[in-house]
Amino acid sequence: MVVDGDRVVSTALLLDETVRIGDVVVPAGQVELVATDRAYEGRGLVRALMGWAHERSAARGHLLQVMIGIPYFYRLFGYEYVIDIPRARALADPPTAAGALALRGATRADLPALAALQDAAQSAYDVAVPHPSARRRWLLEHDASTTWVVERDGVVVGTVRTGAAEEGAEDVLVAEPAAADPAAAHLLLRAAVGRFPGATLHVVHRPLAVTGRAWGSLLAPPGETAEQYYVRLDHPERLLDALRPLLGARLRAAGLQRREVVLSTFGRHYRMTVADDGALGPVAVGGPMQDPGAHGAAGVAPTHLADLLLGPLGMHGLARRRPDVYPGRDVELFEALFPPMTADLLTYYLPW
Ligand SMILES: CC(C)(COP(=O)(O)OP(=O)(O)OC[C@H]1O[C@@H](n2cnc3c(N)ncnc32)[C@H](O)[C@@H]1OP(=O)(O)O)[C@@H](O)C(=O)NCCC(=O)NCCS
C-alpha cells in the first residue's frame, strides 16, 4: 500500500493461487483490492503498486497472474482477456421449494466437504483455479457473501455461495454451486428456492459440473456480452517449461512423432526438442523469428499466447480470428498441442 502520513491512499494485494492446466498445477498470483483514494488518483500510484505486485509474484515463483477487474484497465499492466467467466442465469423454471432451513450457513467444520465438492465440480475442466484454503476460511469470516451447505443424512452434499442478499431481496446471485450427485443438485436448488422465497435466483452455470447438467434446462439464456478473466504471462518460457508433460502427452495421444516443437512470438521463439518417447526437452529461448512458417514453427503474438495456452479457442479457433496466430505448415501438430480449453475459476469476486 501507499501511505501519506498515517493515511492509506492506495492499495493492492497479491494473493497466492494455483492454476491447474490439464494435470499440471502451477503457482499463480492474483492481484486484488486495487484502489486509490480519489484525491490521489492519476499520480501513478497503482502503476507503481502493480509493478511491485508483479515483482513479488515472480519472486514467489508464480508462472502467471490471473485477475478479474476494471474493464480494459489491467491491459495497461500486461494482462489480456483469456478465460470466459461462467455466467449467472436467471432460474426461469424454479422447482418446488424445500423448507427454508434446508440450506444452512457453512462453518469451519464444513471446509473439507466444501473443498471436496468444489474439486469435484472443477474436475471436468481443462483449466481450474480453486479457492486456496486461506480464502475458503476468509470467505466464511466476512459478510460480503455467504457460503451455504445442504445435507443429506447428516452429510454435506451441496453448496452455493450467495452475494450479500438482504432479506426480501428481489434478485439473489447463487454462485459456486457444487453438488455430490444429481439428486443432491436437485435438493440444493430446492433448498436455495426455499431460502429466498419470492426472489429471482440468478444461478451461475457450470456446464461441465453436476449442477450445470442437472439445472441447465431450468435456466434462462445467458447474457450475450463478454465477461472474461484476465491472464498475464510475462515469462512464457517458465509456463511452457512447466507444461512440457502436458504437451508431451498431447503429442503422444495424437500419435505424432516430431524432432522438435518451435513456437515463435515473433520477437522471440521457444524451442523444445522431442525425445523418441515423446518427452519434450527444456525450453530454449531464441531471438526474433518473424517467419515461423518457414521454420516449421507456429506463430503467436505475445498478446495471444496466454489465450493459446489457456483459452477456449485453441490454435484452430485463434488462427481463424487473429492474423498473428497461425500453425504454419504443421497444422496437425499445433492443433494437437493447443486444443480449445474449458475453464472454471473461483475468485473472491462473484460473477453477476
Ligand atoms: C482505477 C484506479 C485503481 C486507478 O488508480 P490510480 O492510482 O489513479 O492509477 P495510476 O495513476 O497509477 O494510473 C496508471 C495508468 O492507468 C491510467 N488510468 C487510470 N485510471 C484508468 C481507468 N479507469 N481506465 C483506463 N486507464 C486508467 C492512467 O492514465 C495511467 O496510465 P499511464 O501510466 O500510462 O500514464 C483508481 O482510480 C480507483 O481506485 N478506482 C476506483 C476503485 C476500483 O474500481 N477498484 C477496482 C477494484 S478491482
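**Salt bridges, pocket and surface of the predicted model**

Asp110 is buried, with a relative accessible area of 5% (buried means under 20%, exposed over 50% and partly exposed in between, with a 1.4 Å probe and protein chains only). The structure is a predicted model, in which local features need pLDDT of at least 70, side-chain atom pairs count only at pLDDT 80 or more, and totals for chains, interfaces and linings use all residues. Residues are numbered from 1 along each chain as its sequence is written, and side-chain values use heavy atoms, with hydrogens and water left out.

Asp110 pairs with Arg104 in a salt bridge, the closest N and O atoms being 2.8 Å apart. A salt bridge is taken as a side-chain nitrogen of Lys or Arg within 4 Å of a carboxyl oxygen of Asp or Glu. Arg104 is partly exposed, at a relative accessible area of 28%. A network of salt bridges links Arg104, Asp110 and Glu151. Across the whole structure, the search finds 17 salt bridges. Side chains of opposite charge can pair when their charged atoms come close.

Arg206 and Asp344 form another salt bridge, at 2.7 Å from N to O. Arg206 sits in the loop between β12 (200–204) and α5 (210–215), and Asp344 in strand β19, so the pair ties together parts that are 138 residues apart in sequence. Helices (H or I, at least four residues) and strands (E, at least two) are DSSP runs, numbered from the N terminus. Both Arg206 and Asp344 are buried.

Arg258 and Asp330 also meet in a salt bridge, where the closest N and O atoms are 2.6 Å apart. Arg258 belongs to the loop between α7 (244–253) and β14 (260–264), and Asp330 to the loop between β18 (325–326) and α10 (331–337), so this pair ties together parts 72 residues apart in sequence. Arg258 is partly exposed, with a relative accessible area of 24%. Asp330, at 17% relative accessibility, counts as buried.

The largest pocket has a volume of about 350 Å³. On a 1 Å grid over the protein atoms alone, a pocket is an open set of points where a 1.4 Å probe fits, with protein on both sides within 12 Å along at least five of seven lines; lining residues have an atom within 4 Å of a point. Grid points are joined across faces, edges and corners, and the volume is the space filled by probe spheres set on the points. The lining of the largest pocket has 24 residues, of which Asp84, Ile85, Pro86, Arg87 and Ala343 lie nearest the centre. Strands β5 (79–84) and β19 (343–345) each supply at least two lining residues. The largest share, 3 residues, comes from β5. By type, the lining divides into 12 nonpolar, 6 polar and 6 charged residues (Ala, Val, Leu, Ile, Met, Phe, Trp, Tyr, Cys and Pro count as nonpolar, Asp, Glu, Lys and Arg as charged, the others, Gly among them, as polar).

On the surface, Leu13, Leu33, Trp138 and Tyr349 form a nonpolar patch with about 320 Å² of accessible area together. Patch residues have over 30% relative accessible area and no salt bridge, and nonpolar side chains (Val, Leu, Ile, Met, Phe, Trp, Tyr) are joined within 5 Å. Areas come from the Shrake-Rupley method with a 1.4 Å probe. Trp138 lies in helix α3 (residues 133–141) and is partly exposed at 31%. Tyr349 lies in the segment after β19 and is partly exposed at 36%.

Helix α8 (residues 302–310) is mostly covered, with 7 of its 9 residues buried.

Conventions
Patches are made of residues with over 30% relative accessible area and no salt bridge: like charges are joined within 9 Å, nonpolar side chains (Val, Leu, Ile, Met, Phe, Trp, Tyr) within 5 Å.
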